[in-house]
Amino acid sequence: MGCDGGSIPKRDELVKQKQKQAKVDQNIINRVQWFTCALSKKSLSTPVVSCGLGKLYNRDAILEFLLDRTSYGDGDLICSHIKTLKDVVSLQLEPNPSFAENHQSSLSHDQEPVARYVCPITFKEMNGKHRFVYLDTCGCVMSEQAMREVPSKTCIKCTKPFETFNVIVLNPKPEELDAVEQAFVEKQARIQAEKKEKKKTKSQKKDLKKMNGANSNLLDSSTSSKRKLDEATDSPKHKKQHLSAKVPSVQPTQSSTHSLTATVAAKVAEQMAANASRQKSSALQSLYTSERSSKENFMNR
Ligand SMILES: [Zn+2]
């Protein structure tokens with residue numbers, strides 16, 4: 001501590017001083033937040049995705065992370081809230097016409113980099129100097145100024161409808177982080193509730209379908225049995241009808257033929273009998289006549 005003659009105390013050991021907070025250059029923060037992937041720290045390149053907290057990632061890095069959560073050392077610290085690919089939204093970014101890849105790599109750390117993307121309405125560069133938002137319904141990215149100046153319930157870019165809770169601020173300020181996290185938690189709860197409701201309605205629909213199916217089966221079986229019964233009851237009728245249809249057509253012919261043959265036979269028999277009687281009578285007559293003729297000649301007479 002000094003003052004014992006052995007050592008000379010320094011000023012900061014005797015006077016309490018307010019420690020100077022290390023000021024981080026905002027340009028460096030912007031460069032990290034708006035130009036590099038929050039997970040892989042590589043420069044952002046299409047396709048770019050964002051989470052509910054408004055961080056920017058390269059889609060490839062997120063895929064890699066989801067396949068193996070240890071692929072990036074601090075991945076679980078940065079992306080602990082990303083469980084599946086559904087937790088991120090593919091961003092529809094407007095490319096900056098004045099951006100050149102080669103020019104970018106030749107820039108020194110002091111020079112301000114050219115943003116890769118711009119607002120599709122105001123054409124402001126997405127470099128961290130302007131606030132940008134995206135809609136988690138369609139993924140369209142635009143400056144907050146454009147959203148304010150063109151108030152609409154549909155996306156200015158793709159006209160898809162959205163609600164106020166669908167607007168996510170990209171790279172929010174540190175003081176906004178708590179509110180953003182709160183909104184994110186609420187949103188997750190809402191999604192879970194919606195999922196549950198969907199499941200409920202699905203199961204209800206399934207039950208209804210099953211019930212309807214059972215009823216229709218019953219109806220089908222009843223109708224089929226009815227048909228069978230009808231067939232069963234009809235078949236004898238039909239057969240009878242068929243028989244009755246056949247019988248009168250066959251029977252009369254048979255009877256007619258029988259009767260015809262009978263009548264013909266009878267007639268023939270009658271004729272035969274008549275002929276025989278005639279023959280007999282003629283013979284007799286001839287006998288008589290012969291006798292008579294022999295007796296009664298015109299000479300005898
Ligand atoms: Zn849109």
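Visitor: Okay, which residues does Met126 touch, leaving out those up to four places away in sequence?

Guide: This is a predicted model, by the way. In it, Met126 touches Trp34, Leu56, Leu93, Ala115, Tyr117, Val118, Phe132, Val141 and Leu170, with residues up to four places away in sequence not counted.

Visitor: And which residues have the most contacts inside the largest nonpolar core?

Guide: Met126 is one of them, together with Leu39, Tyr57 and Leu170. That core has 43 residues. Strand β6, residues 132-135, gives the most to the core, with 4 residues.

Visitor: Stepping back, how many helices and strands are in the chain?

Guide: The chain has 7 helices and 8 strands.

Visitor: What share of the residues counts as buried?

Guide: 24% of the 301 residues do. The accessible surface of the chain is about 22,400 Å², and carbon and sulfur atoms hold 57% of that.

Visitor: What about contacts between residues 24 or more positions apart?

Guide: Those make up 47% of the chain's contacts with a separation of 6 or more.

Visitor: New topic: where is Ser203?

Guide: Ser203 is in helix α7, which covers residues 177-295.

Visitor: Why does Ser203 count as partly exposed?

Guide: Because its relative accessibility is 36%, and partly exposed runs between the 20% limit for buried and the 50% limit for exposed.

Visitor: What does its side chain reach, then?

Guide: The side chain of Ser203 reaches the backbone oxygen of Lys200, at 2.6 Å.

Conventions
Residues are numbered from 1 along each chain as its sequence is written. This is a predicted model: local features need pLDDT of at least 70, side-chain atom pairs count only at pLDDT 80 or more; totals for chains, interfaces and linings use all residues. Side-chain values use heavy atoms; hydrogens and water are left out. A nonpolar core is a set of buried Ala, Val, Leu, Ile, Met, Phe, Trp, Tyr and Cys residues joined through side-chain atoms within 4.5 Å. Buried means under 20% relative accessible area, exposed over 50%, partly exposed in between (1.4 Å probe, protein chains only). Helices (H or I, at least four residues) and strands (E, at least two) are DSSP runs, numbered from the N terminus. Contact means heavy atoms within 4.5 Å. A polar contact is a pair of N or O atoms within 3.5 Å; within protein, one must be able to donate a hydrogen and the other to accept it, and residues adjacent in sequence count only if both atoms are side-chain atoms. Accessible areas come from the Shrake-Rupley method with a 1.4 Å probe; for residues, only the protein chains shown count as cover.
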